[in-house]
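Please examine the sequence and the model displayed below. The paragraphs that follow are intended to be read alongside them.

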Amino acid sequence: MSKKLAIVTGGTAGIGLETAIALAKAGFDLVITGRSKFKAELALERLSVAASNAKVEWVELDLSDLESVRFFSRWLGIRKWDLLVNNAGAKVERPFKTTKQGFEWHIGVNHIAHLFLSQVLVNRGRDGARIVFVSSIVARRSAGTVLNDYESQSPGVAYRDSKLANLVTAINLGKVLAENNLDITVTMAHPGFTRASAYGTKLIRAAEIVLAQPASKGAKPVISACFSEADVYWGPKYFQLWGPPTQVNLPESVVSALDKGDIWSDSLGEIRRYLAGELRPD
Ligand SMILES: NC(=O)c1ccc[n+]([C@@H]2O[C@H](COP(=O)([O-])OP(=O)(O)OC[C@H]3O[C@@H](n4cnc5c(N)ncnc54)[C@H](OP(=O)(O)O)[C@@H]3O)[C@@H](O)[C@H]2O)c1
């Protein structure tokens, strides 16, 4: 019988790579994705040393382009998967920019593309499969204005909203899968404050060096979410910034966004329009 297959978006660096290493050691074959071939080669090297028995493939997947998601789906073909870790993330990137299909960058990459990816792959999930969404502690500070007027807001607001949308999507997707009697479950995780690939200002980098936990520790909540019971949210134990993984409560912002009930339908609406050819790539 073939080994279980895990797909880790952004599995070429940081938390995604550490998660991929843990999954390879746990006996999964792996598909890791990212844009940079250079990062991929380094990641494949580390994975081959850490878990030489795992079959690991890298596929270029650019989450700022839904055509790339479609390409990935076609590349996977009829293969079945057991674990999909929606981990890749654009950090706060300035100035304002949009994805290929015109979504605000953070919303498009972190939220829309992962929602779309989950949708296009769902029929190829094996019974008992799991989807994990990787969010952030900053989701609690989102006002839930997802998909509204980003040109007049800061990229930081968009990043927070995208991470809130990850959680709302996870909850709603879990419900939809259960309603349709699909044996695929969903969990969520956030890595607290973790030192991963270099980004941001010198001040952020300095703070990371002094205060953040290594990516191997930041990945632990994500790894817990791969194997725990369904519908739970994992984060680090101490102030939700550092330490061993523990189950954490969903922030109030998620509860209120779920009450409003607009994020899921808006996002689906955008994707439906795209698929129907109403939203065209440039
Ligand atoms: N580090 C933290 O403290 C922290 C805190 C809260 C939440 N998170 C979340 O944790 C997740 C992983 O973050 P990390 O810190 O490990 O980040 P990272 O070290 O920067 O790694 C990000 C990964 O995502 C890929 N990626 C980035 N943009 C992409 C795009 N447009 N399309 C496709 N792939 C893309 C990168 O590969 P390429 O660049 O080659 O594409 C890389 O493999 C993210 O969702 C992030 O929001 C991290």
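The account begins with the ligand and then turns to particular residues and aromatic pairs. The model is a predicted one.

The ligand is surrounded by 28 residues, and the closest of these are Thr-12, Arg-35, Lys-39, Asn-87 and Ser-197. By class, the residues of this shell divide into 11 nonpolar, 12 polar and 5 charged. Two helices deserve attention when the shell is traced in the model: α1 (14-25) and α5 (155-179) each supply at least two of its residues.

On the side-chain part, a polar atom of Lys-91 lies 2.9 Å from an oxygen atom of the ligand. On the backbone part, an N or O atom of Thr-194 lies 2.9 Å from an oxygen atom of the ligand, and a polar backbone atom of Gly-192 is 3.5 Å from an oxygen atom of the ligand. As for the surface of the ligand, it exposes 880 Å² when taken alone, and the protein buries 94% of that area.

The C-alpha atom of Gly-192 is separated by 5.5 Å from that of Gln-240, although the two residues are 48 residues apart along the chain. Gln-240 lies in the loop between β9 (233-238) and β10 (242-247). Is Gln-240 buried or exposed? Gln-240 counts as buried because its relative accessibility is 18%, and the cut-off for burial is under 20%. When neighbours within four places in sequence are left aside, Gln-240 is in contact with Ile-137, Arg-140, His-190, Gly-192 and Val-248. With one of these residues, His-190, the contact is polar: the side chains of Gln-240 and His-190 meet at 2.7 Å.

His-114 counts as buried, because its relative accessibility is 1%. A polar atom of the His-114 side chain lies 3.0 Å from the backbone oxygen of Asn-110. Leaving aside neighbours within four places in sequence, the contacts of His-114 are Thr-9, Leu-63, Asn-86, Asn-87, Ala-88 and Val-109.

The aromatic rings come next. How many aromatic pairs does a search of the whole structure find? The search finds 3 aromatic pairs. One of them joins Phe-28 and Phe-227 in a tilted arrangement, with 6.2 Å from centre to centre and 50° between the planes. This pair links distant parts of the chain, 199 residues apart: Phe-28 is in the loop between α1 and β2 (29-34), and Phe-227 is in helix α8 (residues 220-227). Phe-28 counts as buried because its relative accessibility is 7%, whereas Phe-227 is partly exposed, with a relative accessible area of 48%.

Another pair is formed by Phe-239 and Trp-242, whose rings are edge-to-face, at 6.4 Å centre to centre and 85° between the planes. Phe-239 counts as exposed because its relative accessibility is 68%, and Trp-242 is partly exposed, with a relative accessible area of 28%.

Note on methods
Residues numbered from 1 in each chain as written. Predicted model: local features only at pLDDT ≥ 70, side-chain atom pairs only at ≥ 80, totals over all residues. Heavy atoms only, no water. Near = heavy atom within 4 Å. Polar contact = N/O pair within 3.5 Å; in protein donor to acceptor, adjacent residues only side chain to side chain. Areas by Shrake-Rupley, 256 points an atom, 1.4 Å probe, with all protein chains shown as cover. Helix = DSSP H or I, 4+ residues; strand = E, 2+ residues; numbered from the N terminus. Nonpolar A, V, L, I, M, F, W, Y, C, P; charged D, E, K, R; others polar. Buried < 20%, exposed > 50% of the residue type's maximum accessible area, 1.4 Å probe, protein only. Contact = heavy atoms within 4.5 Å. Phe/Tyr/Trp six-rings, centres within 6.5 Å; stacked < 30°, edge-to-face > 60°.
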